[in-house]
Amino acid sequence: MVSEANCLFCRIVAKEIPAEVVHETDRTLAFRDVNPQAPTHVLVVPKDHYPTAAALAAADDGLADAVLAAAHAVAEQEGVAEEGYRLVFNTGPGAGQTVFHVHGHVLGGRGLTWPPG
Ligand code: 5GP
Ligand code: ZN
C-alpha cells in the first residue's frame, strides 16, 4: 500500500480515523463526506496515495478504471444511478481541492445545476 504520513484519506483507509464506509474493493474505499452537499455525497478514493486526478490518470495500472467503476457502484447502491448523479474530481487548489489524496465526489439525490459555479 502506497501511503503518506499525515494524509487524512490515507488515515481513513488505514482505519486510523473513523468514516462511514459504504463501499470497498481491494483497491478502493468509498465513505460519506463529513459535510454533505447533497442527500448522497460519497467520496471514492484509491487506497494507494495519489495526490490528484492527474497523478491517478498517470498511474497506468487500471487504478483510475477501478475508481470510476467504484463510483458507479456507489451510485447504484445509493439508488441515484438511474435518475443521474454527478462525479466530481476537484483538481488543484484553484478548483477547490482541499485534500490532496485524489477523491471522486459522488453527488446525487437532488437537482444538480450546471454549470456548478
Ligand atoms: P475537496 O475540497 O478536496 O474536493 O473535498 C474534500 C472533501 O473532504 C470535502 O467535501 C470535505 O467535506 C471532506 N472531508 C474533509 N475532512 C473529512 C473527514 O475527516 N472525513 C470525511 N468523511 N470527509 C472529510
Ligand atoms: Zn493519502
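**Close-up views of a predicted model**

**View 1. The shell around ligand 1 contains six nonpolar, five polar and two charged residues.** In this classification Ala, Val, Leu, Ile, Met, Phe, Trp, Tyr, Cys and Pro are nonpolar, Asp, Glu, Lys and Arg are charged, and the others, Gly among them, are polar. The ligand is surrounded by 13 residues, of which Val 34, Asn 35, Asn 90, Thr 98 and Val 99 are the closest. A residue is taken as near a molecule or strand if its C-beta atom, placed from the backbone, lies within 6 Å of it. The model is predicted: local features need pLDDT of at least 70, side-chain atom pairs count only at pLDDT 80 or more, and totals for chains, interfaces and linings use all residues. Residues are numbered from 1 along each chain as its sequence is written, while chains are lettered from A and ligands numbered from 1 in the order in which they are written.

**View 2. The annotated segment spans residues 8-117.** The unreviewed UniProt entry gives these residues the annotation "domain: HIT". UniProt positions follow the numbering used here, feature names are shortened, and annotations may be inferred rather than shown by experiment. Helices (H or I, at least four residues) and strands (E, at least two) are DSSP runs, numbered from the N terminus.

**View 3. The largest nonpolar core contains 24 residues.** Such a core is a set of buried Ala, Val, Leu, Ile, Met, Phe, Trp, Tyr and Cys residues joined through C-beta atoms within 7 Å. A residue is buried if 20 or more other C-beta atoms lie within 10 Å of its own, exposed if 12 or fewer, and partly exposed in between, with C-beta atoms placed from the backbone. The members that touch the most others are Ala 30, Val 42, Val 44, Val 45, Ala 71, Val 74 and Val 106. At least two core residues come from each of α1 (8-13), β2 (28-32), β3 (40-46), α2 (53-57), α3 (63-78) and β5 (104-108). Helix α3 provides the largest share, five residues. Beyond its neighbours within four places in sequence, Val 45 is in contact with Phe 9, Val 13, Thr 28, Leu 29, His 101, Val 102 and His 103; contact requires C-beta atoms, placed from the backbone, within 7 Å.

**View 4. Strand β5 is largely enclosed by the rest of the structure, because five of its five residues are buried.** Gly 104, Val 106 and Gly 108 point one way from the strand, and His 105 and Leu 107 point the other way. Strands β3 and β5 run antiparallel and are joined by five bridges; two strands pair if DSSP finds at least two bridges between them. Strand β4 (residues 86-88) also pairs with β5 in the antiparallel sense, over three bridges. His 105 stands opposite Leu 43 and opposite Val 88.

**View 5. Strand β3 is mostly covered, with six of its seven residues buried.** Five bridges join this strand to β2, and the two run antiparallel. Leu 43 in β3 is the bridge partner of Phe 31, and Leu 43 also stands opposite His 105 in β5.

**View 6. Pro 51 lies in the loop between β3 and α2.** This proline is partly exposed, because 16 other C-beta atoms lie within 10 Å. Not counting residues up to four places away in sequence, Pro 51 touches Phe 100, His 101 and Val 102. Pro 51 and Glu 4 are 47 residues apart along the chain, and their C-alpha atoms are separated by 9.8 Å. In helix α2 is Ala 54, which counts as exposed because it has 12 C-beta neighbours inside 10 Å. The C-alpha atoms of Ala 54 and Ala 14, 40 residues apart along the chain, are separated by 23 Å.

**View 7. The backbone has a cis peptide bond from Trp 114 to Pro 115, with omega near 5°.** Pro 115 belongs to the segment after β5. In the segment before α1 is Asn 6, a residue other than glycine whose phi is positive, near 70°. Asn 6 counts as exposed because it has 6 C-beta neighbours inside 10 Å. Lys 15, in the loop between α1 and β1 (21-24), is not a glycine but has a positive phi of about 65°. With 10 C-beta neighbours inside 10 Å, Lys 15 also counts as exposed.

Note on methods. Two residues are in contact if their C-beta atoms, placed from the backbone, lie within 7 Å.
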